[in-house]
Amino acid sequence: MTQAKVEAVVTHLTQAALQAPGSLTMLVHLRDALVILHAWTTAYRGTESGMLCLLDLHTSERVPIFPNGYDPAIPLPSTFTGLPTHGTKTNKRSRCHQVPVKYQLKDQPEFCFLSHLWVFMDICSRAGMPIQHYILRPLTPDHKGFKEAPYSGDSTAKMLQKYLKQVSTFSGETSHSLRRGSLQAVAHLSGVAAAAQHGRIKTPAVLDVYLHPEQHYKRLRST
């Protein structure tokens with residue numbers, strides 16, 4: 001996965017959201033863009049990324065931004081800290097033991113996770129589907145609203161593949177391609193040590209697998 005592919009899919013989804021016939025369809029497109037941007041920004045695995053919730057969002061002093069639920073009066077910050085409520089594969093312990101993830105505003109708001117997040121939460125609130133706990137929610141079985149549940153890694157993979165095909169850039173990616181591509185992009189720009197920190201990876205051999213240009217090919221899907 002590359003930055004160019006991420007931007008192509010997010011642009012496609014943003015345009016689809018603007019042309020959506022109803023608020024729920026618009027929110028689904030915006031959620032899907034947010035799922036991709038969150039995984040790319042954090043290098044979280046698909047399942048971990050989909051578990052993002054309101055109580056994960058903290059100030060740099062580790063004070064919850066939304067201690068009493070979503071509040072549209074809270075302005076978009078220039079930066080905040082993410083502390084996973086549900087832990088990660090690498091660290092399953094409680095939030096106080098998690099390695100914090102720093103989110104920052106980017107120069108290109110159209111590809112900025114933080115900008116997309118605030119817009120998404122505001123529209124959810126205005127549409128009568130406010131964020132209560134999980135942010136990246138799947139649809140209910142009847143497709144009439146969002147279910148109070150995390151967005152799964154399998155759903156991320158299927159969604160990503162669908163949109164990559166729609167923009168004619170699919171080459172076998174899975175949800176894990178977002179983590180791998182994010183780590184490779186950071187390594188290219190800032191070095192291997194920065195990539196290890198970005199991915200919260202302590203074992204050099206594990207990082208080597210992620211950064212290897214060809215070793216992951218066997219995991220790619222042909223259809």
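A: Buried residues make up 48% of the 223 residues in the protein chain. Buried here means under 20% relative accessible area, exposed means over 50%, and partly exposed lies in between, with a 1.4 Å probe and protein chains only. The model is predicted: local features need pLDDT of at least 70, side-chain atom pairs count only at pLDDT 80 or more, and totals for chains, interfaces and linings use all residues. Numbering starts from 1 along each chain as its sequence is written, and side-chain values use heavy atoms, leaving out hydrogens and water.

The protein chain has 8 helices and 3 strands. These are DSSP runs numbered from the N terminus: helices are H or I with at least four residues, strands are E with at least two. From the N terminus on, the order is α-α-α-β-β-β-α-α-α-α-α. The C-alpha atoms fill a box of roughly 45 × 40 × 35 Å along the principal axes.

Now the core. A nonpolar core is a set of buried Ala, Val, Leu, Ile, Met, Phe, Trp, Tyr and Cys residues joined through side-chain atoms within 4.5 Å. The largest one holds 48 residues. Within it, I36, F80, L117, M121 and I135 touch the most other members. Two or more residues each come from helix 1 (3-18), helix 2 (23-42), strand 3 (101-104), helix 4 (113-126) and helix 5 (153-166). Helix 2 gives the largest share, 11 residues. In soluble globular proteins, nonpolar side chains tend to be buried together.

Contact means heavy atoms within 4.5 Å. Neighbours within four places in sequence aside, F80 is in contact with L57, H58, I65, V101, K102, Y103, F113, L114, L117 and W118. A second, separate core has 9 residues, among them A43, V186, A196 and I201.

Contacts across the chain can be counted too. Among those between residues at least 6 apart in sequence, 61% join residues at least 24 apart.

One more buried residue deserves a look. D56 sits in the loop between helix 3 (46-50) and strand 1 (57-58). Is D56 buried or exposed? D56 is buried because its relative accessible area is 6%. Leaving aside neighbours within four places in sequence, D56 is in contact with M51, T81, G82, L83, P84 and T85.
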